[in-house]
Protein chains: 2
Amino acid sequence: MNTPKPKSSRHPAVSKAGRPPAERDLAVRQQLLAAARSLFAKHGYDAVSTRALAEAAQVNPAMISYYFDNKQGLYEAMLADTFQPLMQRLGELMGSAAGGANPVRGFLEAYMRTLGANPWMPPLILREVVAEGGRLRGWFIQQFASKGGGLLTQLMTREQAAGRLRADLDPTLAALSLVSMAVFPFVAMPVASEVFGMRVKQDYLDRLIAHTERVFLQGVSA
Amino acid sequence: MNTPKPKSSRHPAVSKAGRPPAERDLAVRQQLLAAARSLFAKHGYDAVSTRALAEAAQVNPAMISYYFDNKQGLYEAMLADTFQPLMQRLGELMGSAAGGANPVRGFLEAYMRTLGANPWMPPLILREVVAEGGRLRGWFIQQFASKGGGLLTQLMTREQAAGRLRADLDPTLAALSLVSMAVFPFVAMPVASEVFGMRVKQDYLDRLIAHTERVFLQGVSA
DNA sequence: CAATTAATCAATCGTATGATTAAATAAATC
DNA sequence: GATTTATTTAATCATACGATTGATTAATTG
C-alpha cells in the first residue's frame with residue numbers, strides 16, 4: 001500500500017521507455033496522508049468525505065483512488081504511516097520500563113509523555129478504538145492483547161510479589177486504574193478544562209504527570 | 001417538543017369535531033424514542049439513518065417528521081426524556097454527597113453506581129461530549145460548569161483544608177483524577193476486558209467500585 | 001351519514017457521498 | 001518529433017441520506 005501504483009499495469013523489473021515513477025516528490029501522496037491524519041483524528045472516519053480530504057490536500061478527489069485505491073486505503077495507509085510505529089513504541093515501553101528502579105513510575109511517565117507529544121493520538125484512539133463500532137478496535141486489541149496488556153498486568157503482579165503493591169488489590173484492576181489516570185485526562189481535556197475551570201499553562205503536562213505519579217503510586221503502594 | 005403536533009394546523013383550546021389526539025397510546029412516539037436511545041448510544045448520531053430508526057421502531061420514516069419535526073428533534077426529545085434527568089441527578093449527587101462522613105467516598109460510590117446502572121450513558125457521553133465535535137459538549141459544560149464541576153473542586157479544596165487531602169496536590173487535578181478513575185473503566189470496558197483478559201463477573205461492579213475507592217482514597221489521603 | 005381531523009403510508013424530492021471513467025497533460029526514452 | 005508511460009483533471013455514475021408531499025385510512029362529532 002506504499003507505492004504509487006498505476007491501476008492495472010505491471011511494473012516491469014527494468015523499465016525501458018516512458019515516464020518513470022516520480023519516486024522523489026510524491027507531494028500529492030504526502031499531502032493526502034497529512035490531510036487524512038488531521039481530519040480523521042478531528043472528525044472521525046465517517047464524518048470526513050473524500051471531497052473534504054481532497055480539498056484539504058489541495059488535490060483532485062480522484063487522487064485518492066489513484067494512490068490508495070479508496071478512502072479506506074488512505075485511512076489504513078495513514079495509520080501505517082504514523083499510528084503503527086507509535087503504537088509499537090508504546091508496546092516496547094512496557095517491556096523496557098520494567099527494568100528501571102521504579103518500573104511503574106517509569107512506564108507511567110513514558111506513556112504520558114508520548115501521549116502529550118502526539119496530541120492527535122488520544123482523540124483518534126477514542127473514536128476508532130474505545131467507541132463502539134470503532135474500526136481499529138480489533139487491530140488494537142490484537143496488537144495490545146498479545147503484547148502490552150498482559151505485560152502491564154504482569155508488571156503489577158511482579159510489583160505485588162515484591163511487596164511494593166498493596167496485597168489487597170487485584171493486579172488487573174490496578175493496571176486498569178493506571179491506564180485510566182494516564183489516558184483519560186488527555187481525551188477529556190477540552191471538556192475538563194472548561195468544567196473544572198482549568199487554565200492549561202505551559203508546564204501543564206509536567207504538572208499533570210507529576211500529580212498522576214504522586215496519586216497513583218501512593219494509592220497502590222503497600 | 002413533547003406533543004404530537006400536526007404540521008401547520010393549530011390546536012384550538014376546545015376541539016369541537018374530528019378525531020381527537022390519541023392521548024393514550026402514543027405507541028409510535030415511544031417506539032421512536034426507544035429506538036433513538038438505543039441506536040444513537042450504540043452508533044452515534046451521524047451513523048444512524050432516519051430509515052434505520054424507523055425500521056427499528058417498526059414505523060414509517062415520515063413519522064419522525066410528524067412527531068419530532070426532524071432527526072435532530074427526535075434526538076433532542078430522546079435526550080430530554082432520559083438523559084437530562086439523569087444528568088441532573090448526577091449533578092445533585094455532587095452537592096448531596098458532600099454532607100456525609102466521607103464525602104469523597106460517598107460521591108465516588110454514588111457516581112459509579114449511577115453509571116453502572118445506566119450502561120447506555122458512558123458511550124453516549126463519550127460520543128457526544130468528550131469526542132471532538134460532539135453535539136452535547138456545550139450543553140454538558142453548561143450543566144456542569146455551573147453546577148457540578150465547581151462543586152467537586154470545592155469539595156477537594158475543603159478536604160484539603162480539613163487535612164484529609166494531601167497538601168501537595170492541586171485540588172483541581174485531584175478532581176480530574178477522581179473523574180478519570182470513575183468514568184474511564186466504564187467507557188473502556190469492552191476494550192479493557194479483552195486487552196487485560198478480564199472476565200466481567202456478576203459482582204464486577206462492586207469489586208470495581210471497592211478497588212477504585214481503595215486506590216483513590218489512599219492515593220490522595222494526607 | 002357527512003364533516004372534520006388525526007394518523008399513517010408509499011412515493012419522491014434534492015443533495016451529498018464514494019468511486020470511476022475517458023480525456024488531457026507531463027515527463028522521460030527512442 | 002514520435003512514442004510510451006505517469007499523473008492529473010473534469011465529468012459522471014449509482015447509491016444513500018434527510019426530508020416532504022399528497023393521498024389514504026381511521027376515529028370521533030354533529
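1. How many residues of chain A are in contact with how many residues of chain B? In this predicted model, 49 residues of chain A are in contact with 48 residues of chain B, two residues being in contact if their C-beta atoms, placed from the backbone, lie within 7 Å. Residues are numbered from 1 along each chain as its sequence is written, while chains are lettered from A and ligands numbered from 1 in the order in which they are written. Local features need pLDDT of at least 70 and side-chain atom pairs count only at pLDDT 80 or more, whereas totals for chains, interfaces and linings use all residues.

2. On the side of chain A that touches chain B, the helices that each supply at least two residues include α1 (27–43), α8 (148–161) and α11 (204–220), and the largest share, 11 residues, comes from α9(A). Helices are DSSP runs (H or I, at least four residues), numbered from the N terminus.

3. Within chain B, the axes of helix α6 (residues 121–130) and helix α9 (residues 171–187) come within 8 Å and cross at roughly 100°, which makes α6(B) roughly perpendicular to α9(B) (65 to 115 degrees, between N-to-C directions on a scale from 0 to 180, with axes fitted as lines to C-alpha atoms over the stretch in contact). B:P122, B:P123 and B:L126 of α6(B) meet B:V183, B:F186 and B:V187 of α9(B) in this contact.

4. As to confidence (pLDDT, from 0 to 100 for each residue), chain A has a mean of 83, with 85% of its residues at 70 or more. Over residues 5–15 of chain A the pLDDT is below 50, and this stretch has 1 contact in the model beyond near neighbours in sequence. Where pLDDT is low, the predicted coordinates should not be read in detail.

Notes:
Parallel < 35°, antiparallel > 145°, perpendicular 65-115°, else oblique. pLDDT = per-residue confidence, 0-100.
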